[in-house]
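This briefing covers pockets, cavities, helix packing and backbone geometry. Please read it alongside the structure shown here.

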Amino acid sequence: MPLSKDRFPLWRFLYEFVFGHSASQGSFNFRCPTVFELVLYVSISCGDMLRVRAVLCQSWRGFKTFPCAAVEVKNEPILGFKEGSKERAELEKALRDLKGKTEEIPCVIGDEQVWTKDIRYQLSPFNHSHKVAKFCYADKELLNKAILASVAARREWDLKPVADRAQVLFKAADTISGPKRAEVLAKTMIGQGKTVVQAEIDAAAELIDFFRFNAKHAIELEQQQPLDSDGSTNTMLYRGLEGFVAAVAPFNFTAIGGNLAGTPALMAINLDFVDFQMLSLRFLISHLFSICGNVVLWKPSDTAMSASYAVYKILRDSGLPPNIIQFVPADGPVFGDTITSSEHLAGINFTGSVPTFKRLWKQVAQNLDLYRNFPRVAGECGGKNFHFVHKSADVHSVVTGTIRSAFEYGGQKCSACSRMYVPDSLWPQIKQDLLAIHKQIKLGDPVEDFGTFFSAVIDDKSFARIKGWLHHAKTSPNLTVIAGGNCDDKKGYYVEPTIIETKDPQDKIMNEEIFGPVLSVYVYPENDYKKVLTLIDNTSPYALTGAIFAQDKAVVAEAAKALRNAAGNYYVNDKSTGSIVAQQPFGGARASGTNDKPGGPHYVLRWTSPQVVKETHEDSPPTVAGTSSPRSPKRRAGSCGCRHTGDGLLAGGDALHLRFGFLCPNKMPGFRRWLCGKLVVSREEAGCLLQTPGEAVVVALSRGLAFQEIFGPVLSVYVYPENDYKKVLTLIDNTSPYALTGAIFAQDK
């Protein structure tokens, strides 16, 4: 039926937008209609522009996709918060509203807010008399309740459209970018001790970028499809993990907490907006079930509770259904013990310390027999990040880059520079300039003074650990404190920016993570730079970030080879911090973690369990290796009267033990010859079995063979009442612990 452009002006606009030319005068037609036009029209009616955009990116031939940007996304601009600006006025108001107040934060399971007896408080790092938040720890019973509720909600969430799921993150990003920006920044500043600059690049820009780019990457992931062959089409489905993902977040980045929980929960498509009779099976498979969705237990950091809860509420207000992300503050060991002892554990998304990550990994290994799947374990664990300076380096770049990398946010970034290697020829100038800038660094309250360079470290435990390192520096004969070295916790957990010179490049201060405002410098003979490159690579167990400063291109190339495995994020003539989502996806190897590169296009794939679907069309039934095609002239009738291939089926013997095949209805009586669970058929019967379209065969469903892998020529057959096929589908899904391959045979779409 003709579709009038006058009646549907939006259709005309989209038609011209997609095809690059004007629609014909009068009207233009659906082509029967096509799937493309049907879904486009229905999508327009629903107002779902993301779904429209995804459909627009499909090519005509077999709905194989061609490269196109499903969503245009750019990095969020960083605001300046200058005097008199709108953003500064809004932030100052939000800070005033929070001053001296204590927010009450419950555990949230579904829509239920739960309080336990284990009450805790988040303190402001620069004023520990201020209780920023009152919260409670979830106990083991509550965590298990959260797990079961999440698993129950998983299947429906996994079938949600990728566009709908992505829309949650897009809306959350827009909310943080707009009306909630000041609130999230204020809670990050007060609760985690960040300056306005550091809060802006974290809780606003980076978090917004994570949400937008991961949504974009999820939408675009479905475009990555396998090749087709004659007679069949192949589709990759990006399912969610079967079970729940545990997200364990750190204190130092509000954005990381949002990403750890939000991204695995992101990604699939429901079936209520299309007419099934109009669509091909290929389209249903590739576009209605294409991208994964997971359920998540989010354990926020105790010292980032306020900002994390703000992000969680924004996600819920943006359309995230209940039970998809459970907000469960908890004691670390209790949380770890509970999630790793659940059979439903599908993954752990972790940022934190090496000992904690190792503990979780060991627990997973010890409990492998409990799980339905092998859990995905992803972790980022910090680093001992380096700056290597060559004699050809630009001194100004070295000094400013190192000061910023080592001391912004008090050295509490995973990527912060904590060891530096300087040639003796440049050290006098670099030392002088470092000390000159050091004198200008303002340490204090970031709320009262926006000019503060950095504030207090996060809590009393961090303060005590760093204080121990300062004591080591002052008492070791190999170390000399050349700037800073003092600390005070009377009002807040303040540690001065400290620069230490070492005579021993292997001192523990050069290889162990401190996670505070402490920079150690080793001065080397300038001609020994090659030895120093090897030294850098071998000194620390970490391999997160590193930077080299050199103008000599040959040295830059040489260093790149020597330090190839020393850092996951490697910088040339720039500081080791400051990675930006979609520009420098972040992560390192060795003791620094599993290097999954959040912020990059491949990160979303980490939280999928892909399924490849091959659909063989009815005019091209499958064949067995060594047989003639069933369409070829070389066919003969078997004893059952069915036409099948009898020659060259498989090598060896007059009897075959078969694992799978078509069930020939005429040979049902012969299938009841069982020997130790093995089905034995004659050579001719095997030809009929494998080549004759007929009833579907359900594999591995007899008592002894129901769940055990045989790995031999053995087929188990269960014959079910034909009207019970829905029960049998559930039966198949629940019978065996394996989930490798399977097939259905049906012409009914």
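The second largest pocket is lined by 48 residues, and F251, S301, T303, D459 and K461 lie nearest its centre. The model is predicted, so to speak of local features requires pLDDT of at least 70 and side-chain atom pairs count only at pLDDT 80 or more, while totals for chains, interfaces and linings use all residues. Residues are numbered from 1 along each chain as its sequence is written, and side-chain values use heavy atoms, with hydrogens and water left out.

**Pocket and cavity**

- The second largest pocket holds about 1,400 Å³ of space; a volume is the space filled by probe spheres set on grid points, which are joined across faces, edges and corners.
- On a 1 Å grid over the protein atoms alone, a pocket is an open set of points with protein on both sides within 12 Å along at least five of seven lines, a cavity is a set where a 1.4 Å probe fits but cannot get out, and lining residues have an atom within 4 Å of a point.
- Two or more lining residues of this pocket come from each of strand 6 (119-124), helix 12 (332-340), strand 12 (345-351), helix 13 (354-366) and helix 16 (460-475); helices (H or I, at least four residues) and strands (E, at least two) are DSSP runs numbered from the N terminus.
- Helix 13 gives the largest share of the pocket lining, 5 residues.
- By class, the pocket lining has 24 nonpolar, 13 polar and 11 charged residues (Ala, Val, Leu, Ile, Met, Phe, Trp, Tyr, Cys and Pro count as nonpolar, Asp, Glu, Lys and Arg as charged, and the others, Gly among them, as polar).
- The second largest cavity has about 90 Å³ of space.
- Of the 15 residues lining that cavity, G383, G411, A416, S418 and F515 lie nearest its centre.
- The cavity lining divides into 7 nonpolar, 5 polar and 3 charged residues.

**Helix 14 and helix 15**

- Helix 14 (residues 395-407) and helix 15 (residues 427-438) have axes that come within 10 Å and cross at roughly 45° (axes are lines fitted to C-alpha atoms, for helices over the stretch in contact, and angles run from 0 to 180 degrees between N-to-C directions).
- That angle makes helix 14 oblique to helix 15; angles under 35 degrees count as roughly parallel, over 145 as roughly antiparallel, 65 to 115 as roughly perpendicular and the rest as oblique.
- The contact (heavy atoms within 4.5 Å) joins V395, V398, V399, T400 and I403 of helix 14 to Q429, I430, D433, L434 and I437 of helix 15.
- The residues of this contact are 7 nonpolar, 2 polar and 1 charged.

**Helix 6 and helix 11**

- Helix 6 (residues 162-177) packs on helix 11 at an angle of about 125°, with the axes 8 Å apart.
- Helix 6 is therefore oblique to helix 11.
- From helix 6, V168, L169, K171, A172, T175 and I176 meet I314, L315 and D317 of helix 11.
- This contact consists of 6 nonpolar, 1 polar and 2 charged residues.

**Positive phi**

- N323, a residue other than glycine, has a positive phi near 75° and sits in the loop between helix 11 (305-317) and strand 11 (325-327).
- F711 is not a glycine either, yet its phi is positive at about 55°; F711 lies in the loop between strand 31 (698-699) and strand 32 (717-718).
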